[in-house]
Amino acid sequence: MNICQWIIFDFAGTLVLMRPPKLLANKPALYKLSSKYQLGIITGASRSETQNILRKLKLVSLFKMVITADDSAYRKPNPKLFFITPKIYIGDAKKDELMAKYANIRFIRVNRNDNINQIIKSLLE
């Protein structure tokens with residue numbers, strides 16, 4: 001694993017549905033991806049809500065960096081939310097795309113019809 005390479009995900013709508021908590025990505029594929037890249041999350045959700053969902057889905061150890069609305073005065077699409085420079089940012093909203101664009105970071109958009117698992121698979125190839 002190249003510890004300098006990060007993949008950062010938006011949380012709600014990209015990786016999970018918030019209510020009720022449901023993982024949209026294949027858990028084994030995420031763990032395989034974590035053997036190749038450091039994984040992180042940037043979300044507009046609160047820290048407690050994000051941590052509760054990560055615990056319920058048994059994903060706490062998978063993400064080495066989690067930035068929530070409680071952790072920064074900045075909000076999407078402000079690129080200052082990127083405390084590190086990821087190789088790729090994956091999100092589902094225009095503000096995610098703008099944030100990556102402003103930071104000059106490769107962006108992959110997940111649309112409602114896209115399969116996050118296909119995206120993860122392509123990153124593993």
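The buried residues of helix α2 are covered by elements that include β2 (16-17), β4 (38-42) and β5 (65-67); covering here is a matter of contact, that is, heavy atoms within 4.5 Å. This is a predicted model, in which local features need pLDDT of at least 70, side-chain atom pairs count only at pLDDT 80 or more, and totals for chains, interfaces and linings use all residues. Residues are numbered from 1 along each chain as its sequence is written, and side-chain values use heavy atoms, with hydrogens and water left out. Helices (H or I, at least four residues) and strands (E, at least two) are DSSP runs, numbered from the N terminus.

**Helix α2 and its end**

- Helix α2 spans residues 47-56, and Thr50, Gln51, Ile53 and Leu54 are buried in this helix; buried means under 20% relative accessible area, exposed over 50%, and partly exposed in between (1.4 Å probe, protein chains only).
- These residues cover an arc of only 160° around the axis, so they sit on the same side of α2; the arc is that of the directions from the helix axis to the C-beta atoms.
- An α-helix has 3.6 residues a turn, so residues three or four places apart point the same way.

**Two loop residues**

- Threonine 43 belongs to the loop between β4 and α2, and this threonine is buried, with a relative accessible area of 7%.
- Not counting residues up to four places away in sequence, threonine 43 touches Phe11, Thr50, Ile67, Thr68, Ala69 and Lys76.
- Aspartate 71 lies in the loop between β5 and β6 (88-91) and is partly exposed, at a relative accessible area of 35%.
- Leaving aside neighbours within four places in sequence, aspartate 71 is in contact with Arg47 and Val66.
- Aspartate 71 and arginine 47 are 24 residues apart in sequence, and their C-alpha atoms are 7.7 Å apart in space.

**Helices α1 and α4**

- Helix α1 (residues 27-34) packs with helix α4 (residues 116-124) at an angle of about 30°, their axes 10 Å apart; axes are lines fitted to C-alpha atoms, for helices over the stretch in contact, and angles run from 0 to 180 degrees between N-to-C directions.
- The two helices, α1 and α4, are therefore roughly parallel to each other (angles under 35 degrees count as roughly parallel, over 145 as roughly antiparallel, 65 to 115 as roughly perpendicular and the rest as oblique).
- Ala29, Leu30, Lys32 and Leu33 of α1 make the contact with Ile120, Leu123 and Leu124 of α4.
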